[in-house]
Amino acid sequence: MRLLLCLLMMIPLLLKSCVTSRSDEDRTPLAKVGDEVVYLDEALDGMPEGLSGKDSTTYVRQFLRNRVKDLLIYEKAVKNIPQNQEMDDLVENYRRSLIIYKYQQQVMNEKMKTEITDSEMLNFYKLNSRRFVAEHNLVKGIFIKVPKNAPGLENFKRLYRSSSADSFEKIEKYCVQNAGQVENFYDKWISFDDIMDNIPYTISNRSEFLRTHSTLDVVENNFCYLLYIDEYVISGNIAPFEYVRDDVKNVMMNSRKTEFIHQFEQNLLKEAEHKKKIKYYK
């Protein structure tokens, strides 16, 4: 155990000298379970980069614990589960599936077009907009929180309903001078629930509120909370493209992968039939 602790403390130094090609004689053993040996390089190969010496030691300790546990369970399982043809078939089928999957991933990485332009995404969104429904009420606008005793507050309130650059500049300056805060989201969609989490005010029906109000002015706990809603989308309606852009891209990419693999399989089949590599029995 003392030797093991010393080896774990030397991990930061060993990381620098660890090489990818090594024989068992050159490897550093950490533990042995039956006939199976756990080596230090097995842990180092999967270790995240940038860990401190202490974190590296902790990582290897945990890796060793998990590896020993797995080996013990496997050893117990082998003794108690009969090795028969069914088990061999399961192992072979899994091996084949894994190899096929790895090869498909390799082919996709090498040959499939992975870049999707904004125009392609927008066209896909327009044709499939019903697939992208807003799960939350979405808004664009501005949120402000300032002390309720800030000077000139009533005059200031006239500014926050304007989307002009000059108004934004004055709002930011006023908030800085009076220890306030401002969140400008005129140019992006955000969840109305996220905004309301910052305002001590209860709205029983938020969808109806958005349909009938564009502003909210609340004074509570020595602060004044101001909200101006420039645009909104009610949950259950089609979400704006800007909000679901990443979702559109993911859907397109998954669809492209499925289509690529299908075409790859069809081409492989046609090629094999052309070369008469397949013989069908009647």
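Which residue in E6 stands opposite Thr 215? Tyr 228 in E6 stands opposite Thr 215. This is a predicted model, in which local features need pLDDT of at least 70 and side-chain atom pairs count only at pLDDT 80 or more, while totals for chains, interfaces and linings use all residues. Residues are numbered from 1 along each chain as its sequence is written, and side-chain values use heavy atoms, with hydrogens and water left out.

**The sheet**

- Four strands make up an open sheet with antiparallel pairing, in the order E4-E3-E6-E5.
- Strand E4 (181-191) and strand E5 (215-220) each have a single partner strand, so one side of each is left without a neighbour in the sheet.
- On average, neighbouring strands of this sheet are turned by 15° against each other, direction ignored.
- E5 pairs with strand E6 (residues 223-233) over six bridges in the antiparallel sense; two strands pair if DSSP finds at least two bridges between them.
- Strands of a sheet pair through backbone hydrogen bonds.

**Lys 140**

- Lys 140 is found in strand E3 (residues 138-147).

**Asp 194**

- Asp 194 lies in helix H9 (residues 192-196); helices here are DSSP runs of H or I with at least four residues, and strands are runs of E with at least two.
- Asp 194 has 48% relative accessibility and counts as partly exposed, the class between buried and exposed (over 50%).
- Asp 194 and Asn 137 are 57 residues apart in sequence and 9.8 Å apart in space, C-alpha to C-alpha.

Conventions. Axes fitted to C-alpha atoms, helices over the stretch in contact; angles between N-to-C directions. Buried < 20%, exposed > 50% of the residue type's maximum accessible area, 1.4 Å probe, protein only.
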